[in-house]
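Please open the structure in your viewer and keep the selection panel at hand.

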Amino acid sequence: MRDARGDIKRPIGLRLWLSGGWLTLLALAAIFAPLIAPQDPLAQDLFTSRLPPFWDSKAEAGYWLGSDSLGRDVLSRIVYGARLALIVALVAGTLTCLVGGTLGLIAGYFRGWPDRIISRFVDIWMAFPPVLFAILLIAVLGPGLISIIIAIVVIDWTRFARVIRAEAMSQGVMDYVASAQVAGRGRFGTMITEILPNVLPTMVALLTLEMGIAVIVEAILSFVNLSISTDSPTWGGMISEGRTSVHQAWWVLVFPLITLFLTVLSFSQLGEGLKDRFDPVLR
Amino acid sequence: MKPYLSIRNLCVTLKHGAPILRSVTLDVSAGQVHGLVGESGAGKSMIGKAVLGTLPRALHIRSGEIWLDGVDLLTLPLQERRKRIGATAALIPQDPLTALNPSRRIGPQITKRLVDILGWHKNAAEDRALDLLAEVHIPDPSRVMRSYPHELSGGMRQRILIASAFAAEPKLIIADEPTTALDVTVQKQILRLIADMQARHGTALLFVTHDLGVVSKVCDTLSVLYAGKVVEDARMQRFFMRPVHPYSAALLAATPTYTNPTGSLKPVPATVIEDVETEVQQHDMRAGL
């Protein structure tokens, strides 16, 4: 009665390779930014303003992706911008996951009054327009890295709470949870040992999705000049600046936009890829 | 012999009052197998759940007593009740596919019970788990201990659940339709396995099923349930020879036999159903439900 089900090997798909590869590249670039960036990202030089990217005949060496209207190197700014984008993605994503996930888990597993309170709170929370909410929050808290992170957590925890609640509810009625209770284990212990590991794949998928969203929210806030100070380069800020000179120097807008796009796409694909690979129930 | 599990006049209702179990009274003696038979929705599983304290939220116990090993469980505070049940009773669930935690390996899922309930050391628990898996005829137990549930077939999983139910040497096991989710060839093996294990460990077994054929193979005594009410309580042989209640008789007559598989398919007559329904209504009137 040897069963071959245990022998199924799931290959790491192309999706995981590509998204993981891009994010690793980005992370390395962010960590080693001073070594990688060909120019000082803040150095302005009007003699080198609006240089085109490297394939153009008018390009200059050292400005691979061209320069903006103040003569700052686009590539260097993207590389430095990755620092902020990744910090926001990791910290805000994780915090959102912790806050929303915990509340969702409690609501979905304990049901009853904790669920009623948390769910109504989520309903009310979701009725606020999120971007407006964020802008309002930053206006109150004042711009800065911490404010951005708080704004993202405050806007997005509801997504986790909703999804994890549903997931915890469907796990909570399974027989193995009943068995654990019959074995005399406490409610809280059961939640941690039986429910949590089974909502974890969903949580990871949501977390990476949330990281992508955090990058977008940060870019939106930079775009409307509500992110951290305009000195440090951010992708959203670059897009916002590039917008004004898009007819003369399209590369200032397009390269950060592509980076942003690839990053957000990679985050969401990474989540899906990880879920495919590690969720024991999917096959 | 003094019954190990004794349920007295157990009434379970929905929160707003609709009755689910109507004054259920039944006994399971130590070392005996008691069958609990009835149609779907008769409340068979709910009796098991009431004993184990895992009733769905919407239901609550209105009145009655559940004596387990000389203690009325319903008089104990919740935490103590859980402890007591955990130490003396176990469940073999209906659906082996949802009864094992999909994200944990088999080994820890069995040993956790031993560590939790008996306070065993982890290594001792692992040895015991290996023995148990061998006892339920699982080939290569050490490999299975390291497997995840999705890597095993339904029959294998049900064997594991049986092993795990017997792990802490409970005095009472409640088997909630343990063979319903399996196909017929595996069903027979599993039934025999449960019967063997029960005999070897001398456990009291409450066997919930809708299959009279199954009951006749494994049970010593049985209760027939209709709409949450026990209509007949009998010893096995007497029941199959001379069922007392007309509903039980009709149920028996409705069971197809080997000799005449299609000709013997008789529905339960409408008059019998009407009579039972009246009985149920009379009970509700008396009980003020």
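Predicted model: local features only at pLDDT ≥ 70, side-chain atom pairs only at ≥ 80, totals over all residues.

Residues are numbered from 1 along each chain as its sequence is written, and chains are lettered from A and ligands numbered from 1 in the order in which they are written.

Select chain B, which has 11 helices and 10 strands; helices (H or I, at least four residues) and strands (E, at least two) are DSSP runs numbered from the N terminus. The C-alpha trace of chain B spans about 60 × 50 × 35 Å along its principal axes.

Next, colour the open sheet of six strands in chain B, whose order is β6-β7-β8-β3-β9-β10 with mixed pairing, where two strands pair if DSSP finds at least two bridges between them. Its edge strands are β6 (89-92) and β10 (229-235) of chain B, each of which pairs on one side only.

Now select residues 33-38 and 204-209 of chain B, which are the strands β3 and β8, running parallel and joined by five bridges. Within this pair, B:Val33 has B:Leu205 in β8(B) as its bridge partner.

Finally, select residues 246-254 of chain B, which form helix α10, and see how this helix lies across β9 (221-226) and β10 of chain B, running at about 100 degrees to β9(B). Such angles run from 0 to 180 degrees between N-to-C directions, with axes fitted as lines to C-alpha atoms, for helices over the stretch in contact, and two residues are in contact if their C-beta atoms, placed from the backbone, lie within 7 Å.
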